[in-house]
Amino acid sequence: MTDAPHASHSTHDAAADDRNRDILIYVNGELVHRDEAKVSVYDSGFMLGDGMWEGMRLYNGQWAFFDEHMDRFFASCKAVSLDPGLTREGVLEALNRTAEANGMTSDAHCRLMVTRGVKDKPFQHPALSRSGPTVVIIAEHSKPAESLQARGIRLATVPQVRGLPNSQDPKFNSHSKLNCVIACLQAEAAGADEALMLDPHGFVNTTNACNFFVVRKGEVWTSTGDYCMNGVTRAKVIALCRANGIPVFEKNFSLYEAYGADEAFLTGTFGAQTPVASIDGKPIGDGDRPVTARIRALYKALVAEVTGG
Ligand SMILES: Cc1ncc(COP(=O)(O)O)c(C=O)c1O
């Protein structure tokens, strides 16, 4: 595929794969063709965005960092009194059944979604959700688009900010991502691919779908961790830097320091580490990204180690 110079990209761009037209989706214990996979219009997730999800990657038949994803998922469910109706082992079994039914062992990505379930009436009160959770797993054949590694993502800073934890804690991987969706729309309107979001104090925080890092004079910086998703990939990158003598800091920094970075990259389960080409039209560094490349190689080796690849 060749792209026009200003075609839009996202960190979730994947190589086209026709097999995804016929995947089987897990819906409450059944595996059904994607055209037949449906949830009720009364579902709490559809009506209110009342649910939690996790995105995970399959490598060598193993869901990478499954325990870390489950720590986040079960903590989120507990915080919003959502009983997923499954143990960790039950989740793993459902994920593996879905992968197996689709003949997937590597280069697959899943979205596990659990909502408060079908409501009796079309209103907000959680007590109206009485029939138990809705559990859906979409697993797709998915290889992140390699072209993004050279091209990088164009970010725009946006008016939409990350929220305080006492409104809707940005650590919830909730079905409602409206805050992030609005940010992404604003970035798109500004001619960028994705949004760079600031925290309530004006410090650089994160993007609408990934965590954000800069590299300055060999040091790796990311936000304090307040106001952003507690990304599994973020945590792995920080740990890898520490273990490999790369100075890494979780700290407040401003756009002044982001614009002047030598390198910048995004982290997320889907694309691992994705370089940033520009912020608000200002190119980041000179296009040489040795630290990002090193971290990417370390992360790849870690994934191979934990998945027996
Ligand atoms: C807003 C946001 N930031 C960052 C991430 C990346 O998190 P992870 O590395 O756990 O995939 C996600 C993924 O769910 C996200 O939604």
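Student: Why are α7 and α9 called roughly perpendicular to each other?

Tutor: Helix α7 (residues 232-243) and helix α9 (residues 290-306) pack at an angle of about 105 degrees, their axes 10 Å apart. Angles of 65 to 115 degrees count as roughly perpendicular, under 35 as roughly parallel, over 145 as roughly antiparallel and the rest as oblique, so α7 and α9 are roughly perpendicular. Bear in mind that this is a predicted model, where local features need pLDDT of at least 70, side-chain atom pairs count only at pLDDT 80 or more, and totals for chains, interfaces and linings use all residues. Residues are numbered from 1 along each chain as its sequence is written.

Student: Which residues make the contact of α7 and α9?

Tutor: From α7 come Lys 236, Val 237, Leu 240 and Cys 241, and from α9 come Ile 295, Leu 298, Tyr 299 and Leu 302. Contact here asks for C-beta atoms, placed from the backbone, within 7 Å.

Student: What makes strand β6 mostly covered?

Tutor: In β6 (residues 134-141), seven of the eight residues are buried. A residue is buried if 20 or more other C-beta atoms lie within 10 Å of its own, exposed if 12 or fewer, and partly exposed in between.

Student: How do you know that β5 and β6 pair?

Tutor: Pairing needs at least two bridges found by DSSP, and eight join β5 (residues 108-115) to β6. These strands run antiparallel, and Cys 110 stands opposite Ala 139 in β6.

Student: What joins β1 to β6?

Tutor: Two bridges join β1 (residues 24-27) to β6, again antiparallel. Val 27 has Val 136 as its bridge partner in β6.

Conventions: Axes are lines fitted to C-alpha atoms, for helices over the stretch in contact, and angles run from 0 to 180 degrees between N-to-C directions. Helices (H or I, at least four residues) and strands (E, at least two) are DSSP runs, numbered from the N terminus. Two residues are in contact if their C-beta atoms, placed from the backbone, lie within 7 Å.
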